[in-house]
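Here is a short report on a set of local features and on how the parts meet. Please keep the structure open while reading.

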Amino acid sequence: MTEYQEYLDFLYSALAAHNKKSLVLTEEISLVADIGLSSLEVMEFIEKIEDHFDISIPLNILPDVNTIGDLAKKVRELNL
Amino acid sequence: MLFDKFQSMASFQADLAERDIAPFGAVAEQILSATEGTVQGKNVILAGTNNYLGMSCDPRCIRAAQQAAEQWGTGTTGSRLANGSFAEHQALETEIADFYGVDHAIVFSTGYSATMGMCATLAGPGETILLDGDSHASIYSGVKQSGAEIIRFKHNNPEDLAKRMRRLGDRAGSALIIAEGIYSMLGDVAPLKEIAAVKREYGGYLLVDEAHSMGVLGQTGRGAAQAAGVEDDVDFSVGTFSKSLGSIGGFCVSHHPELEAIRYCISAYIFTASSSPSVVASTREALRIITAQPELRENLWNNAHQLYDGLKALGLGVGPSASPVVAVEMEDRSATIQGWQALLDAGVYVNLVVPPASPSTNFLLRNSVSAAHSSAQIDTIIAAYAGLIENGVISIDKKA
Ligand SMILES: Cc1ncc(COP(=O)(O)O)c(C=O)c1O
């Protein structure tokens, strides 16, 4: 089973292309408020994660996802 | 503050007001025919409607509505489940089921409530819905209410759908797949043959929203599933009476007898008044006409090809193939607004489409043709675009 940290590491690397403000990425960083992802970028980013882990991320979880840490936890649950 | 979230819309409106442009509030001051009206005091060709077969002004439909109003009154004042089921509603249900060659039909007050109602009700908590990413707002609104797990597949991409069905494992068998026939903004047709093949491989149920394809595609006008030869794979067809039938209202038809039980579980069916008898009567007449006159569909497609070929020859950014909806891709919001007004000044009304109504981040001038357009009118529309290019409102090098 993949560890939480490995999910985080993947998210950090997948976010690099979108990190235009060059923030230091941590669990607490918000995808929209801090990194400034547009709704279209969120969908593209989600697709990257889906293909990497071969999962589908339901739209229902998105309202509960604010930070990179939130997303890592959700992806981990989905991939169990 | 409650109103903070409306600020960006308010500033967009202010931008339009400053330029004295009102593309969303464009008022038809008069309707002269299915293809002509008066907007901003000017006679214009209507090239931004969904009046695909010109039924909204057919004298036979108008007469049917008049007679029904006299016979039944102007409204039903109630739900189909209470006092709002008239013989007219039942007759329309029988006729729309016959049109689709199935035994079960529900008629709704609008297309939006038909699609939303079915999408909200069919799948529930613990079940999964897979929907095309570019689905209409009525579909999104329904699936959000459903309580089901919602998964998007890439627009018109059966491989992506198949991948996601595979990921569902055992749960794929009860999943609900949702696609449209023709997509309303770009006019592109869903690959229903391939989507049906995915359903056959993994199981599940298929709902197709034929809002823009009923009357437009298929040998007898049943829509995209008929055109693709996969009607047997479609579990639920939904659609609207507001486009090719020129009235208002929606429907769901199915070969599943369970539709009769589902009917009593749909809030958007139960808790709203049924259609006015006059609306139902004109819908019934329009359905009879489009069945008896398949040449209407032929005219529509001739016009579609003429407009598509004409705009393409000008070098405009249009979709990959001809369709009754021909969307011209524009550079940005400002150019789209300017182009929209310039077309109106040239006597052509089209639709201005900006995100989020458009797929992804497209800015579009959406044109749609009708069987009722004359070939000369289509030429006028093309000439108006040519004028925009000459005046530099649209520059071909940037977007083509
Ligand atoms: C795909 C789709 N579904 C449903 C609707 C709703 O239909 P109506 O406008 O008749 O309520 C529309 C059109 O607006 C549509 O494009």
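## Sheet in chain B

Two strands count as paired if DSSP finds at least two bridges between them. The model is predicted. In chain B, strand β3 (residues 42-46) and β12(B) run parallel and are joined by two bridges. B:Ile45 is the residue that stands opposite B:Val348 in β12(B).

These strands belong to an open sheet of four strands in chain B, ordered β1-β2-β3-β12. The pairing is mixed. Which are the edge strands? They are β1 (28-33) and β12 (348-349) of chain B, and each pairs on one side only. In general, strands of a sheet pair through backbone hydrogen bonds, either parallel or antiparallel.

## Domains of chain B

Chain B splits into domain 1 (4-57 + 294-399) and domain 2 (59-292). Between the C-alpha centres of domain 1 and domain 2 of chain B the distance is 27 Å. Contact between them involves 24 residues of domain 1 of chain B and 26 residues of domain 2 of chain B.

## Helices α13 and α14 of chain B

Helix α13 (residues 333-345) and helix α14 (residues 375-390) of chain B have axes that come within 10 Å. They cross at roughly 125°. That angle makes α13(B) oblique to α14(B). The crossing of α13(B) and α14(B) is right-handed.

From α13(B), the contact uses B:Gly339, B:Ala342 and B:Leu343. From α14(B), it uses B:Ala384, B:Tyr385 and B:Leu388. By class, the contact of α13(B) with α14(B) has five nonpolar residues, one polar residue and no charged residues.

## Helices α2 and α11 of chain B

Helix α2 (residues 59-72) and helix α11 (residues 277-292) of chain B have axes that come within 7 Å and cross at roughly 145°. The crossing of α2(B) with α11(B) is right-handed.

On the α2(B) side, the contact residues are B:Arg60, B:Cys61, B:Ala64, B:Ala65, B:Ala68, B:Ala69 and B:Trp72. They meet B:Pro277, B:Ser278, B:Ala281, B:Ser282, B:Glu285, B:Ala286 and B:Ile289 in α11(B). By class, the contact of α2(B) with α11(B) has 10 nonpolar, two polar and two charged residues.

## A loop residue in chain A

Where does A:Val32 lie? A:Val32 sits in the loop between α1 (4-15) and α2 (39-53) of chain A. Leaving out residues up to four places away in sequence, A:Val32 touches A:Leu37 and A:Val42.

A:Val32 and A:Val65 are 33 residues apart in sequence. In space they are 9.9 Å apart, C-alpha to C-alpha.

Key. Residues numbered from 1 in each chain as written. Chains lettered and ligands numbered in written order. Predicted model: local features only at pLDDT ≥ 70, side-chain atom pairs only at ≥ 80, totals over all residues. Heavy atoms only, no water. Axes fitted to C-alpha atoms, helices over the stretch in contact; angles between N-to-C directions. Parallel < 35°, antiparallel > 145°, perpendicular 65-115°, else oblique. Left-handed = near helix turned anticlockwise from the far one by under 90°. Contact = heavy atoms within 4.5 Å. Nonpolar A, V, L, I, M, F, W, Y, C, P; charged D, E, K, R; others polar. Domains from an automatic or database assignment.
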